[in-house]
Structures are given as structure tokens and as C-alpha cells.
There are 2 protein chains.
Amino acid sequence: MLDASLQDVTADRECIFELFGRKLPYGRRYGIVAGTGRAMELLTHFRFHDEELEFLRKRRVVSSTALDWLANYRFSGSIRGYREGELYFPNSPLLEVRSSFAEGVILETLFLSVLNYDSAVASAAARMVSAAGGRPLAEMGSRRTSERSAVAAARAAYIAGFSATSNLEAGRSWGVPTMGTAAHSWTLLHETEEGAFRAQIQAQGTGTTLLVDTYDVREAVETAVRVAGPKLGGIRLDSGDLPVLVREVREQLDSLGATNTTITVTNDLDEYAIAGLQAVPVDSYGVGTSVVTGSGHVACGFVYKLVARKDEAGEWVSVAKKAPGKASIGGVKVPIRRRSERGTATAELIGLNGAPVGDADDRELWVDYVTDGEVNEKWLGKKGVEAAREHCTRAMKELPRTALRLRDGDAALETVLVYADGSRVEL
Amino acid sequence: MLDASLQDVTADRECIFELFGRKLPYGRRYGIVAGTGRAMELLTHFRFHDEELEFLRKRRVVSSTALDWLANYRFSGSIRGYREGELYFPNSPLLEVRSSFAEGVILETLFLSVLNYDSAVASAAARMVSAAGGRPLAEMGSRRTSERSAVAAARAAYIAGFSATSNLEAGRSWGVPTMGTAAHSWTLLHETEEGAFRAQIQAQGTGTTLLVDTYDVREAVETAVRVAGPKLGGIRLDSGDLPVLVREVREQLDSLGATNTTITVTNDLDEYAIAGLQAVPVDSYGVGTSVVTGSGHVACGFVYKLVARKDEAGEWVSVAKKAPGKASIGGVKVPIRRRSERGTATAELIGLNGAPVGDADDRELWVDYVTDGEVNEKWLGKKGVEAAREHCTRAMKELPRTALRLRDGDAALETVLVYADGSRVEL
């Protein structure tokens, strides 16, 4: 498309691309936008180097005109969109990319890859955070997603309210708090469980968390407190019938005087398992597979569509495909979150080709990410992550309480598309 | 664990770690190992640089002893495992890592991340290839998995028999054949569909594939053949009731004299949709979301466990945890594929602490990936990918035909664990 547009009159045609999802994953009541700051950071490095150009030339993927164009590529358009950490609903216009066709079209896969994955993780994570009712959650799923996705997943889960990650690279590159844990191999490496516990305490102090389910849990807990003393930081359980086991272990710890020793549980937890453990004295949850795989919905289904272009006379024309079941809505969309006087979100209001008429209680949803090629630093790096995490907490608080149920349901807010005169567009 | 082992006597203890899956994803009859070559390539670059060491130091993640050790890290052990492209079954020992505890334990997340994701994609892709019955499949799912996973997915799908990918970086770095397609935005960019088709043909020649479902398919096909002539390369359909639509479009193309114009279908295809289209004249399939997300099983559930270590006297000791439902089998496993005289696979035979007794029809499953720190170049890079793809085709041909059914079922081969004397170990 790039190549053909350069040989045509259309490469420089001003365009608006929109990134959105037609629906939420089945049963989900809201989604969390994540990856936007990461996408913008990738945009600042999005260049075509000699090795890439050489590949395209040798394989004759594109013409020499396109090669020259790519060699000089630098995005010079503007991008607005939902804040990272924001809630989204069906048809929420998550990103709006304004640029020439050529500059905008080649960002499609980059932006979709990042937002589809990161938002899937954040959306699942937010449900787990809500199910955990204030108990801390650690992301421990690096091994169940590919090696670079693991870093993105840790970042996305943190934005949605997780407390920490076991992925050290996410700590280094995005400032996510990190934590560690011992695996069963640590115990198996030693002649005895007691030897393993002693060695761990020797290196990490009594505040460490000991894994107690390699052999017999009851014996291990007894050994752990004997070795570490009642100031033992914590124990971890990674198997068994957790609701029963946690209660038993809590009683055992208390009876041994280790009343402040925490209990961390892991073992294929998802939001439902977390909810099922709320009545037992768990201190923190470690979540792996389910959070890094979006708890059943690993891609959000976001698409990136041309919604408007300038015609030969320089006037904006709304465009949309008409494919059955996959029709798009052409035109520029400006979103606001409608809120009641008490600050509860009541609708996702989207103005078509103009801002919707809001009132004082409503909240604007778009921020500027890129203005004429200049990326807004505010949303990048570690401070971008912290801002997104804070924003997510605030945005979640606006949701009606019923929206936090884990049960399958419809979108918590209705998406209402309106013309400039306030009349409703039928979706 | 690394840090504690360095302060203990155990860091240098000789260990054997095994990477395996306890079961196949629900209903799946076989899995395809992928990612091994990529993992070994990553291993050759697995170093800790100043910026990482500085992070670990500043955050006091590990002691200075561990920092020094990490600064000099270079894997000096040996790794054997299943060939990339090989079939696997429950408890197949996919990788065996022999090294000191310290050298082996820090590879856990790297190897699991790569193999869990890549094998999930390859396993799903193989089912699609089998459902397509010889018709070519293109991987087009980059946008539905994170930006680096996309490259790995294209590689894994190709190993499992896909013909091409739309991911150019996978072409550059792994030699996967690449293809392109026009999106709806290309048509919408132009005043008329005809204008879009003319511009595409101008740039790409009449051999190109035109997307015909932006507005009305029947009109678009008519326009396409009028503009390109009956030598038009192909058309693509991305929506609608495909079994009906494909037949209609084939008839229309034929009636216009475009009898060699191919029909490519896309639109959220998975192995079941592909199977459902086998009776209609589709020429090729483009598969996105379902292949890059493992068609419902995006992580294989592989684990990496310590299975043996040397004791203080230098003797090997088998080790395993006993957690209920997650118990492991300690000891070294040596796998062969049992085959009938006619070359049909009949069982996955795994010798415990010694090679199982096979016969002339059986096939060894392990190859050497790393020997005393030297990585075998044979399995790396583009030639490794080609070798894996060829191996996958051969290994699939050994499967009993019933194993290729898409319907949920048990593992196609039983995994039989035997002692050196041939007697069976109960799993």
C-alpha cells in the first residue's frame, strides 16, 4: 500500500486513522487501555535501518522510491487518544492518528500489536485486582508468554493495579517494583528441606518467603518456623486445595507464634480463584499464566481503520467499509465520559465529527500524544507508567459498583454516538 | 536462588533440569515443539550488561558476589532436546539442561518463555495445515500478538507448515517467505474502488491480489476483472458467509474469463473454519488471530524442573517434588519414538535413567544443542528454521491418520515411561 500510494497521488493525502475495538471480549464489562505509552516510545525509535532496507531491496518487496521514503521515515503527524490506564468500551476511539496516508498506514501493525496485547493483560489484571479486594497481587507469568511480551505484561499488570512483578527487566526498564520467590528446585537442590530453608535464610534473612509444598506442607511449616523463628517473613503455597490448606497453615503458623508470617498463594490463579480465596486468610496472591494471557482473551480485537481523508478539494470526507458484520463508522470521533453529579460514569459519549455536548460532570478522554511529530514526553518511560497506574485507579472508582462483578455481563457503560446537534447515531 | 546458592555450597552442584509439559492442552492430540533454535540463539547472547548489573546493584536485588558472577556469566553446560518441529506428547522431555545449579537455574524463564509461546503457535498451526489439506496458508496475525511475539509467531507457523507470513521482519531475520495484502484503507483512501484497484495494479502488476469486500463484492469483482483483465492474480474476501460467497465469486470470476484468478479468504479463520471451507474453491487461506494465539491455548504449560543433582559424594540423585496434582518424575529421561514396521508412530517411549530398549524401527528424539558451552550452529538461524520445517513434515507423516482429526481427543500416542530393564514406571 505504501509503495502503490507513492506511485499514485495518494501517499500525501491527509488521513485520519482510528484505533478501536468493535466489542469487549465476551462477558467482560469493561476494558483497560494499556500499551499507549509503550507504543509512543516505540514510535520515537521507529526507523528503517540499512539492514532492513537491504532486505526489502534484495527481496524486491518495494520499489526504490519506497526504499528512499522509508530511509527518511519520521512520523510528522499528530496523535490523540485515551490515557493509558483509562477504561474503554465498545467503539471507544482509543487512538486517532492524523497524518499523510503513507506516514499513518505503516504504523498500523506496530500500534495494534502493542495495544492489543498490553490492553488484554491490563483488562484481565484489573478484574483480578478488583477480586482481590485490596490484597496485593504479584505478576509472575513471564514464563507463560514470549520473552519480550513478558516485560510488557508486567508493565500492563502494574498499570492495572498489581503491586509487583518477578520480571526484573520490567523493574529496570519501566520501574515496576520487583519481587522474587524460590522455586521447588531450590529445595530439591539440597539434601534436606531444612538445609534449603537454612541456606535461603542465611542469604536473604528471616524476612524471606519460604516455599513449603515440595514435600509435606505441615512438616515444612514446622521446619520453617523452627529454622527462621517466629519472625519468618512468609510462606508460599503452590498446590493443593488452597481454601482448606490456607486456613490450616494459618492456624499452624499462629500456634507456632508466627502470627505475622504472611501466606502467599500461587498455583494457576485467575480472577475467579482469587475471589474464591477472599474468605480465607491469604496475604498476597502470585498470578502467572492467567494474567499474561488475558485470562482467556489474549488479544483485544482492536482494529486500525481509515475513518476520514481529505478529498482533492481539501475537504474532509468520512469513509467506512460496509462489510457485513464488520462495518465501520466513518468520521472523526471525539469521546467524553458522561458522569453523574456524584461522579459515577453513566455513558461513553462519542461525538461524530465534533465534540459531544457535555456538562461540568463529564470528563474528557483524549490527551495529546504527538503533535506535529513531537512526542509528548509526559506519557513516556517510568513516569508515564506511574501516571497510568494512578489514572486507572481513579477511572475504576467512577464505575458503578455492579460493573465489578466477575460474572459475564454486558458492557458496564453504553457507548452513545451523537452528531454535533446531540441527536443519536444508530450503531 | 542464584544468590543464595553462591553463598552456600550448592551453586556449583551439577544438576539436570528438564523442560516438559505435564499434559497437552485439552482435547489436543499432539503438540509441535517450536522455539528451540530461537532459544539457543538467545542463549548465545545471554549476558548481563552494565545497565542490568547497575539496576540489580542499586535496587539491592542481589549481593556483590552474585553481581560478579552474573557479569561473567556464560553457559558452559550441555543441552540436549527434541528437534525443533518434532511432535510432543505428555511428559516428553523436550530439553535437558546439564550444568551447575547456578548456570542452569537462570535459564528457566528464558527457555520457558520461548518454548511455551512458539510451541503453542506451531501446535495450532499444524492443525490448520492439516485441515487445509495442501492448500497454502499465510500467517497474518502480527497485530494480534505483541510486537516481538509477532516475529516468533511467523517463524513458528512456518515451521509447522504455513507457506508465508505478512511479517517482513520474520522474512529478514528467519528467512520466512513473505507476502502482502491490501487493507480496506487502500480502497477507502481513493475516491472510487476502481481508482484504488487501478493504482494497485499500476504499482504491483496484474498478478496482485485485490480486496473486494469494502463495498459490494459482486460489483468489486466485476470492476477488478474489468480493470486488471482476466489475468488478475487474485481476489481476497475478508467478510461474509464465506462458504456461499466463495462459490458465487468463483462462478463470477469464471464467467468473466478469470479462471486462473485465485481466491484468498481471511476473516478470523481457525482450523475449524478452514475445515469448513475445504469443500469450496478457496485457493489459499490467510490466518490471523487464531494462529498467533495458539487457537485457544496460547501457552503450552511447559515447566522446567530440577530432576537430578549430584550429591556430596558425586553420585547422581533423582529428585522430584510431591505436590498433589503437580508431582514431577525425578531422574534423567531418554526418549525414543516407537514406530511400527511401516513407520507409523505407536508410542512415546521414555527410558528412566537410561536409554529405553528400542528396535530398528524406532527413532531417537534427542539432538545435541549445546556441548560443554558450545552451541551447535546447525540448529540456529535460517537453516535451523528450514530444517525444523522439513522435520515437522516428516514427523507428522508418522502419525496415525486418526490423530489428524480436529475433534477433541486423547493424546495420539501414549507416553510410556520405562526402567532400564524395560519394566513400566507408573505415571
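**Salt bridges and local packing in the predicted model**

The side chains of B:Arg363 and B:Glu398 form a salt bridge, with an N to O distance of 2.9 Å. This pair links distant parts of the chain, since B:Arg363 belongs to strand S16 (residues 363–364) of chain B and B:Glu398 to helix H15 (residues 381–398) of chain B, 35 residues apart. B:Arg363 and B:Glu398 are both buried. The coordinates come from a predicted model, and 56 salt bridges are counted over all chains.

In chain A, a salt bridge joins the side chains of A:Arg363 and A:Glu86 at 2.9 Å, N to O. A:Arg363 is located in strand S16 (residues 363–364) of chain A, while A:Glu86 occupies the loop between strand S3 (78–82) and strand S4 (87–88) of chain A, so the contact ties together parts that are 277 residues apart in sequence. A:Arg363 counts as buried, at 14% relative accessibility, and A:Glu86 counts as buried at 1%. Salt bridges with shared partners join A:Glu86, A:Arg337, A:Arg339, A:Glu348, A:Arg363 and A:Glu398 into one network.

An α-helix has 3.6 residues a turn, so residues three or four places apart point the same way. B:Asp254 is partly exposed, with a relative accessible area of 36%, whereas B:Arg250 is buried, at 11%.

Helix H10 (residues 193–204) of chain B has twelve residues, which at 1.5 Å a residue should span 16 Å; the end C-alpha atoms are 16 Å apart, in agreement with that value. Buried positions in H10(B) are B:Glu193, B:Ala196, B:Phe197, B:Ala199, B:Gln200 and B:Ile201. The cover over these buried residues includes an element of the other chain, helix H1 (2–6) of chain A, as well as helix H9 (184–189), strand S8 (209–211) and helix H11 (217–228) of chain B. Just after H10(B), B:Gly205 adopts a positive phi of about 85 degrees.

B:Ser76 lies in the loop between helix H4 (64–71) and strand S3 (78–82) of chain B. With 42% relative accessibility, B:Ser76 counts as partly exposed. Leaving aside residues up to four places away in sequence, B:Ser76 touches B:Glu103, B:Asp372 and B:Gly373. The C-alpha atoms of B:Ser76 and B:Ser99 are separated by 7.1 Å, although the two residues are 23 residues apart along the chain.

Strand S16 of chain A also takes part in an open sheet of five strands, in the order S16-S14-S15-S19-S20 (chain A), with mixed pairing. S16 and strand S20 (424–425) of chain A are the edge strands, each pairing on one side only. Strand S19 (residues 414–418) of chain A pairs with S20(A) in the antiparallel sense over two bridges. Within this part of the sheet, A:Leu417 stands opposite A:Val425 in S20(A).

An unreviewed UniProt entry annotates residues 1–116 of chain A as "domain: Nicotinate phosphoribosyltransferase N-terminal". In the model this span is 39% helix and 20% strand, and its end C-alpha atoms lie 23 Å apart.

How values were computed. Residues numbered from 1 in each chain as written. Chains lettered and ligands numbered in written order. Predicted model: local features only at pLDDT ≥ 70, side-chain atom pairs only at ≥ 80, totals over all residues. Heavy atoms only, no water. Salt bridge = Lys/Arg side-chain N within 4 Å of Asp/Glu carboxyl O. Helix = DSSP H or I, 4+ residues; strand = E, 2+ residues; numbered from the N terminus. Buried < 20%, exposed > 50% of the residue type's maximum accessible area, 1.4 Å probe, protein only. Expected span 1.5 Å × (residues − 1). Contact = heavy atoms within 4.5 Å. UniProt positions renumbered as here; feature names shortened; annotations may be inferred. Pairing = 2+ DSSP bridges.
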